[in-house]
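Please look at the sequence and the structure shown here before reading on.

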Amino acid sequence: MILKILRTGFLLLFLAGSSPIIAEEDPKTQLKSTIDAILDTLRNKKLATDERQKKITDLINDRFDFAKMSQQTLAINWKKASKEQKNKFIELFAKSLQSSYMGRLEAYTNETVEFTKEKIKNKKAKINTLIITKTIEIPINYKLHNKNNKWLIYDVVIEEVSLIRSYRSSYQNIVKKEGIEGLLTKMEKKLAGAS
Amino acid sequence: MNFNRYPPLISLFGLLLCTSLFSAVIQAENNPVDEPTLVENDDDMFDDDFDDDFSDDFDDDFDDAPPPLVIHDPLEPLNRGMFWFNDKLYFYALKPVAKTYRYIPEPIRISLSNFLSNLTTPIRFVNALMQGKVNDAGNEMGRFFINTIVGVGGLFDPARKYVGLRKKEEDFGQTLGVLGIKPGPYLVIPFVGPSNTRDGVGYVVDTLTDPIGIVWQGRDYWAVKVTDTVNQISLDKDTYEAITGDALDPYLFVRDAYMQNRAGKVNK
């Protein structure tokens, strides 16, 4: 009898001890917390503009895997690039994605975001969301992968259009004509012009 | 707004449309390229089910990443010209008009959009059927009855709001795609925008069978179409500016995005 209680006790202890590992946050919860935080920040009228931007940039940096995105965008040109070029590209690409993603979310600050579907397999996940506007629904799907127990976005697919794919082919065209240096110069100019 | 000024513009547009379509077809015949458009690549692993999908080739080793979307664009110089034209048309004509148009209270603009969209239900219904999407066809039929009767002739969209029936975008270009017809060369059609040979044909067929054309004929039809376009732009949140503003080469970005979007819709 005592043995049984002890055994149950051990079992319970064991379960309790392991539960934090089981309760590791799923990709949807992690993604949702980021999107909600960004939208909250956008809606927060009390924040000064640069303060708000800083906060959102931090939130985006925390959830996007820009290194992986850069690698996939440059694709075959990635291995041809030098280490400095790679780092430069990651920096510039991250900046340009931050501003476009922020700009798009900003346009839809007051709409609701609905999480429709999620698929997880091993270390990858695809989460489908819909932005519900007054007239239409805009499907935005996120592709995430798990890196050190954290789910990071490595592609955003809006209306079937993958950001990575679109950038990849236009960047490839530029690299073909002007080389990686040419691409970096163009990106730098664009960013300088935009801000 | 006086639409009597539009007809010359419209016939010009028709002419241009015809020539660009013809030239594309001729081009395609002279030049029977191996399947033109999409080289399916890595990302597709996500689109299907997961069986063997999230394979590791995606993970650490990008060296063998397959080539990106390959688009057949033999008319690129002409297309770039048309893209430039449409871009200017957007920024100097449509957008300013749409901005002024925004003075009309939004609920009215939304109702106009709902009304015209409700009228075009048969296009979506028939195309859904032709693609074998019986559920979507039923969805469109349900929407039509609910919105026509409860939504006051389509001015409101109670089917979406209260029943959760959302509009399914279907057109003849998609139907052709589902039937296995390849997109063919990329085309930029003046006044219309990015397209390809298949979707251009689809656009002509959709226009010829457009129920709005039964209600309004000739000039009136195009007046309604122009109003619809301006109305849509007024409701839109500057998507075009966002896309083209960020891109290093807007032509390439739009071309790629368009082809991906259409391929995605056909495969849906």
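The model is a predicted one, in which local features need pLDDT of at least 70 and side-chain atom pairs count only at pLDDT 80 or more, while totals for chains, interfaces and linings use all residues. Residues are numbered from 1 along each chain as its sequence is written, chains are lettered from A and ligands numbered from 1 in the order in which they are written, and side-chain values use heavy atoms, with hydrogens and water left out.

Is Glu140(B) buried or exposed? Glu140(B) counts as buried because its relative accessibility is 1%, where buried means under 20% relative accessible area, exposed over 50% and partly exposed in between (1.4 Å probe, protein chains only). Leaving aside neighbours within four places in sequence, Glu140(B) is in contact with Thr121(B), Arg124(B), Phe125(B), Arg166(B), Lys167(B) and Lys168(B), contact meaning heavy atoms within 4.5 Å.

The backbone also deserves attention. Most residues other than glycine have a negative phi. Asn149(A), although not a glycine, has a positive phi of about 65 degrees; Asn149(A) sits in the loop between β3 (137-147) and β4 (150-158) of chain A and, at 51% relative accessibility, counts as exposed. Val152(B), in the loop between α5 and α6 (158-161) of chain B, is not a glycine either and has a positive phi of about 50 degrees.

In chain A, helix α4 (residues 66-74) is mostly covered, with 7 of its 9 residues buried, among them Phe66(A), Met69(A) and Leu74(A). Just after α4(A), Ala75(A) takes a positive phi of about 45 degrees.

How do two helices of chain B pack? Helix α2 (residues 76-101) and helix α12 (residues 250-267) of chain B pack at an angle of about 100 degrees, with their axes 11 Å apart. α2(B) and α12(B) are therefore roughly perpendicular to each other. The contact is made by Glu76(B), Asn79(B), Arg80(B) and Phe83(B) of α2(B) together with Pro250(B), Tyr251(B), Leu252(B), Val254(B) and Arg255(B) of α12(B). Axes here are lines fitted to C-alpha atoms, for helices over the stretch in contact, with angles running from 0 to 180 degrees between N-to-C directions, and angles of 65 to 115 degrees count as roughly perpendicular, under 35 as roughly parallel, over 145 as roughly antiparallel and the rest as oblique.

Finally, strand β1 (residues 186-189) of chain B is covered on both faces, with Tyr186(B) and Val188(B) buried on one side and Leu187(B) and Ile189(B) buried on the other. β1(B) pairs with strand β2 (residues 193-196) of chain B in the antiparallel sense over 4 bridges, and two strands pair if DSSP finds at least two bridges between them. In β2(B), Ser195(B) counts as buried at 4% relative accessibility, and a polar atom of the Ser195(B) side chain lies 3.2 Å from the backbone nitrogen of Gly200(B).

Technical notes. Polar contact = N/O pair within 3.5 Å; in protein donor to acceptor, adjacent residues only side chain to side chain.
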